Amino acid sequence: MLTDAELTVLGLVAERPRHGYELDEVVSERGMRDWTALGFSSIYYVLGKLRDRGLVAEVAGERAHAKAKKTYTATDAGRRACAEAAEAAIAELRPVHPPVLAGLANSPAIPPERLANALARRAEAVAERLAEVRRAAEVEAPPFVRAIFGYSIAQLEAEAAWLEGMT
């Protein structure tokens with residue numbers, strides 16, 4: 001089983017050989033950082049884990065970036081693992097545990113005016129994030145990247161609609 005971070009990194013090197021700096025750039029450009037928790041230093045940690053499991057390998061002699069020491073590509077086993085994990089991630093409905101649910105479960109402890117203020121702040125944050133994702137989605141991108149932005153937009157729109165009903 002691959003973690004979300006492992007699947008993301010493996011998928012990116014399965015697209016084409018990449019070094020850590022490029023992986024970090026793609027994670028940022030595609031808005032992946034919001035749902036993968038992949039920081040620059042964790043990319044190298046994940047690459048090491050994938051390498052140790054035989055899912056990625058170093059590409060000998062290739063340095064696509066001045067700071068890059070190693071470029072990685074997916075192995076055949078890595079491509080198979082990526083396809084299997086991606087299919088499962090798409091097909092299986094897994095529970096999501098956003099912190100807002102814990103807050104709502106304990107909202108009777110919040111004075112009504114503070115609860116209303118907290119919901120208003122959340123609605124503002126959702127609106128700002130929705131605008132950011134819509135801007136990011138305007139760039140030319142492959143269909144699968146557009147699907148990621150589309151899903152994120154739909155989720156944010158649904159939360160915005162829910163928040164309207166809460167106020």
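**Helix packing and pockets: exercises**

**Exercise 1.** The axes of helix 1 and helix 2 come within 11 Å of each other and cross at roughly 110°. Classify how helix 1 and helix 2 lie to each other, and name the residues that make the contact.

*Solution.* The model is predicted: local features require pLDDT of at least 70 and side-chain atom pairs pLDDT 80 or more, while totals for chains, interfaces and linings use all residues. Residues are numbered from 1 along each chain as its sequence is written, and side-chain values use heavy atoms, without hydrogens and water.

Step 1. Axes are lines fitted to C-alpha atoms (for helices, over the stretch in contact), with angles from 0 to 180 degrees between N-to-C directions; helices are DSSP runs (H or I, at least four residues) numbered from the N terminus.

Step 2. Helix 1 and helix 2 are therefore roughly perpendicular to each other (the range is 65 to 115 degrees; under 35 is roughly parallel, over 145 roughly antiparallel, the rest oblique).

Step 3. Helix 1 contributes Val 9, Leu 12 and Val 13, and helix 2 contributes Leu 23, Val 26 and Val 27 (contact means heavy atoms within 4.5 Å).

Step 4. By class, this contact of helix 1 with helix 2 holds 6 nonpolar, no polar and no charged residues (Ala, Val, Leu, Ile, Met, Phe, Trp, Tyr, Cys and Pro are nonpolar; Asp, Glu, Lys and Arg charged; the others, including Gly, polar).

**Exercise 2.** Describe how helix 1 and helix 5 cross, and list the residues that meet.

*Solution.* Step 1. The axes of helix 1 (residues 4-15) and helix 5 (residues 76-91) cross at roughly 125° and come within 10 Å. Helix 1 and helix 5 are therefore oblique to each other.

Step 2. The crossing of helix 1 past helix 5 is left-handed (the near helix is turned anticlockwise from the far one by less than a right angle; clockwise is right-handed).

Step 3. From helix 1, Leu 7, Leu 10, Gly 11 and Ala 14 meet Gly 78, Arg 79, Ala 81, Cys 82, Ala 85, Ala 86 and Ala 89 of helix 5. The residues of this contact comprise 8 nonpolar, 2 polar and 1 charged.

**Exercise 3.** Give the angle and the axis distance for helix 2 and helix 4, and state whether the crossing is left-handed or right-handed.

*Solution.* Step 1. Helix 2 packs on helix 4 (residues 40-52) at an angle of about 120°, and their axes are 9 Å apart. Helix 2 and helix 4 are therefore oblique to each other.

Step 2. Helix 2 passes helix 4 in a right-handed crossing.

Step 3. Gly 20, Tyr 21, Leu 23 and Asp 24 of helix 2 meet Phe 40, Ile 43, Tyr 44 and Leu 47 of helix 4. Here the division is 6 nonpolar, 1 polar and 1 charged.

**Exercise 4.** Determine which helix gives the most residues to the lining of the largest pocket, and how that lining divides by class.

*Solution.* Step 1. Helix 8 gives the most to the lining of the largest pocket, with 11 residues (on a 1 Å grid over the protein atoms alone, a pocket is an open set of points where a 1.4 Å probe fits, with protein on both sides within 12 Å along at least five of seven lines; lining residues have an atom within 4 Å of a point).

Step 2. The lining of the largest pocket divides into 28 nonpolar, 6 polar and 11 charged residues.

Conventions: Helices (H or I, at least four residues) and strands (E, at least two) are DSSP runs, numbered from the N terminus.
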